[in-house]
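I opened the model to look up a few things and wrote them down as I went. The entries are in the order of looking.

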Amino acid sequence: MSDETSGAPAQEAPGARHGGHDGDAGGGHGPRPGEDFWLDRPGSVDLIIKLLIGAGVAVVAADFFYHKHGEFHFQEYFAFDAVFGFAAYVGLITAAKGFRKIVMRGEDYYD
Amino acid sequence: MIESSPSLLTSLLSLPPGLLLVVAAIPAVMLPHRASQAAMMVLPALGLWHLASLPNGFEHDVSVFDLTLQLTRIDALSRVFGIVFHVAAFLGVLYAAHQKDRLQAAAALIYAGAAIAAVFAGDLVTLFVWWELTAISSVFLVWARKTESALAAGQRYLVIQVLSGLLLLAGTILLHRESGSIAFDHIGLETPGGWLVFFAFGIKAAFPFLHGWMKDAYPEATVTGTVFLSGFTTKLAIYAFARGFAGTEILIPIGAAMTAFPIFFAVIENDLRRVLSYSLNNQLGFMIVGVGIGTELALNGTVAHVFAHVIYKALLFMAMGAVLFRTGTIKASELGGLYKSMPWTAAFCIVGSISISGFPLTSGFVSKSMVLSAAAHQHYMWIFLVLLFASAGVLDHSGIKIPFFSFFAHDSGKRVEEAPFNMRLAMAFAAAICIGIGVFPQALYSILPYPVEYAPYTTTHVFTVLQLLIFAALAFVFLWKMGWYPPELRSVVLDVDWVWRRVLPLAWSGVSGVWIAGQGVFLGTADRLRLAFLGFTRAHLSPWSRLGEPWPTGVTAMWAAALLAAYLFIAY
C-alpha cells in the first residue's frame, strides 16, 4: 500500500497545505491494476439501487397493513412520507442549483 | 497532607465539575507525550466521577464583594449536558492523541472544562466568566492550523464570540438593576436586559444572520480542533436557552428557519467540513424549536437531541478530519473512492451519517422525533412540515453527500494510509454510542430532565421515517443518474460573513475614500482662501501699498486736527 501513496501526503501535517492541492496527485483516476473491489465490478452499483428500490416498495406496501397514527390528517394519507421525501429532496436540490448562480464565486474570492 | 483532610476534599468537590479540566490542562500537557495523553484521558473520566458524586439539587455559593455567586448548581438539566460534554472531551482527547501540539491540547482541555463549568453556573456573572473563557480558549484551536486564512478566520471568530460575552454582561447588569438578582433561571423577553441576554445566546447558537462565524471558523480549525469546536460552544448556547428561555415562542420560527436555510448552502458547498458546519447549524434548529415549544416532551427532545447530536456530529467531523489528515484536502471536488484505502473511516462515517439522518436503530431516530412529535402535539403544522423538509435535507448533506463524495463517487485515484489507530478508536467509540442509543433509547431517556412517556419504536414512526429517508435517497439516485445532481465545484459560497469580509471593508474604504477626497477639497479651499487673504492684505496694507506707505507729517497733523474738531462738535 505504502508505495502507492506517492502523491498523497501520508503523514503530513494537515494544515500545511491548505488549498492548491491537485486532485490528480494520487497518480490518475479510477481503479488501479491489481485492485479488485466489489463496488468497482459491473452490476454492483445497480444491485444496490435495485435493493434500495425494493426497500422503497416494501415500506410503501407496508401502508396497506397497519393503521397510521398522525396528529395531522395528511400524515395518514397513503405513502405521504414517501412522496414528501422524494419531492422535498428534488425540490431542495433544484432550488440549491438555482441558488448557486447567485452565491457561488471562484475559490480565490476572499484571497 | 492534602489527601488527609476530608473537609478540604469536600470543599474541592463542591467546586463545579469542569474546573478540574481547566486547572489541570496546562500541567497535563507539560508531561512527556505518553504520560500527557494518559493524563488528558483520565481527566474527563475524573470529571465525570466528580459530577456523579454530586446529587441533583446540590448548590455551592461564594461571596465576592457584594455579590453572591453560585459556582455550582447541579440539577437534571445541567447534569445531562455535563455528562455529554465529558464524553465529548474524552472522545476529542483520544482522537487527538497522536498529536504533539501542547498549546492546542491545553486549549482544547480548557475549552471543554470551561463549557462544562458553564452549564453548572447558577448565576449570570459566573456564566459570563466561563462563556468568555470558552471563546478565548477555543480560538487557539483555529489559530493552531497556522495558515493565513485560519489566522484571519480566528480573529473574526474571536471578535464575534467576545461580543456575545459583552452582550451577556450588559444584559446581566440590566437584569440586576431591574430585579436585583443575577440568578440564572428563567429570563424571558419582558425586559431590555432579557433581550440582550437573548442575543448573546443567539450569537453562540448561530441564529440566522448571526451564524456566519461558525461556517467561517470551524472549517478553518485544525483536524482535531474542529472535533472539539463542534461539541461545546453551540450546545452551551442551547443549554442557556433551555434554562433561560424555555417556552419563548419566537424561538419556534427562528429554530425552524435554522433547520431549513443552511441545507441549501450545504448542498452546494465544496469544503466538506463546511458542509458539516451548515449541517450543525441545521441540527441546532431542531433544538431551538424544542426550546421554543417548551413542553416537557419538547425540552426532553431538545436535550436528547443535544446528546445524540454531540456524538454523531463529532463522529462526522472525526471522519472528515481523518480524510483531511491523510489526503491533505477536504474538498469534495478533489476526493472520492477513499473507501478503498480508508475502509474503517468510511464505515464509521456511514454510522454517523445514518445516525444524523435518523434511521431506525440509531441515536438520531430516537431523539429528533421527540421534537417533531412535540411540534405535532402542539399543532404547529407549518413548523412540523419545515422540520420534515429539513429532515430530508439532512439526508442529503450529511447522510449522502459527506460519505458519498469522500469515500465513493468518482475514484479520485488517491490511495492513502488508513487513519491512525487512536482516531479509529475514537470513531469506533462514537459510532458505538450512536448505535447504542438507537438500540437502547431508555438509557438516554432515563437521564433526561423530565419523565419520558415517549415510545420511538411504533409501527407508524418506523415506517414513516423509512419512507421519508428511502424515497429521499431514491431521489438522490434519480438525480444522480439523470446527471441533474449539482457537481462538486471548486468554489466558495457567499454567506452572511460576506457582509463583514467584503461589504464592510468596501464600505469602509468607500467612507475613508470620501473622507480623504473631502479632506482634500476642504484643505484646498482653505488654502486658496488663505492665499487670497494674504494677497489682499499684501496689496493694501504692505509698506508699498496705498494704505501702508508712510504718510507725510503735515497730512497726519491735519487728520488729527479734523478728528479733534469732529470730537468737539459732537461733544457740543
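**Entry 1: ground rules.** I am working with a predicted model, in which local features need pLDDT of at least 70, side-chain atom pairs count only at pLDDT 80 or more, and totals for chains, interfaces and linings use all residues. Residues are numbered from 1 along each chain as its sequence is written, chains are lettered from A and ligands numbered from 1 in the order in which they are written, and side-chain values use heavy atoms, with hydrogens and water left out.

**Entry 2: chain A.** I counted 2 helices and 1 strand in chain A, in the order α-α-β along the sequence. Helices (H or I, at least four residues) and strands (E, at least two) are DSSP runs, numbered from the N terminus. Of the 111 residues in chain A, 34% are buried. Buried means under 20% relative accessible area, exposed over 50%, and partly exposed in between (1.4 Å probe, protein chains only). I then looked at contacts, meaning heavy atoms within 4.5 Å. Of the chain A contacts between residues at least 6 apart in sequence, 6% join residues at least 24 apart.

**Entry 3: K68(A).** I found K68(A) in the loop between α1 (44-61) and α2 (80-103) of chain A. Is K68(A) buried or exposed? K68(A) counts as buried because its relative accessible area is 5%. I looked next for its polar contacts (pairs of N or O atoms within 3.5 Å; within protein, one must be able to donate a hydrogen and the other to accept it, and residues adjacent in sequence count only if both atoms are side-chain atoms). The side chain of K68(A) makes one with the side chain of D63(A), at 3.1 Å. The K68(A) side chain also reaches the backbone oxygen of Y77(A), at 2.9 Å. Leaving aside neighbours within four places in sequence, the contacts of K68(A) include F80(A) as well as T460(B), T464(B) and Q467(B).

**Entry 4: F80(A).** Beyond four places in sequence, F80(A) touches K68(A), F74(A), Q75(A), L385(B), L388(B) and Q467(B). From F80(A) to Y110(A) I noted 44 Å, C-alpha to C-alpha, for 30 residues of sequence.

**Entry 5: chain B domains.** An automatic or database domain assignment sets the bounds: domain 1 (16-245), domain 2 (249-489) and domain 3 (500-571) of chain B. The centres of domains 1 and 2 of chain B, taken over C-alpha atoms, are 24 Å apart. On each side of that pair, 42 residues are in contact with the other domain. I looked for salt bridges (a side-chain nitrogen of Lys or Arg within 4 Å of a carboxyl oxygen of Asp or Glu). The rule finds 1 across this interface. E220(B) and R274(B) meet in a salt bridge at 3.6 Å, N to O.

**Entry 6: chain A against chain B.** How many residues of chain A are in contact with chain B? I noted 70, against 75 residues of chain B. Between chains A and B there are 4 salt bridges. E107(A) and K331(B) form a salt bridge at 3.0 Å, N to O. On the side of chain A that touches chain B, α1, α2 and β1 (104-105) each supply at least two residues. The largest share, 17 residues, comes from α2(A).
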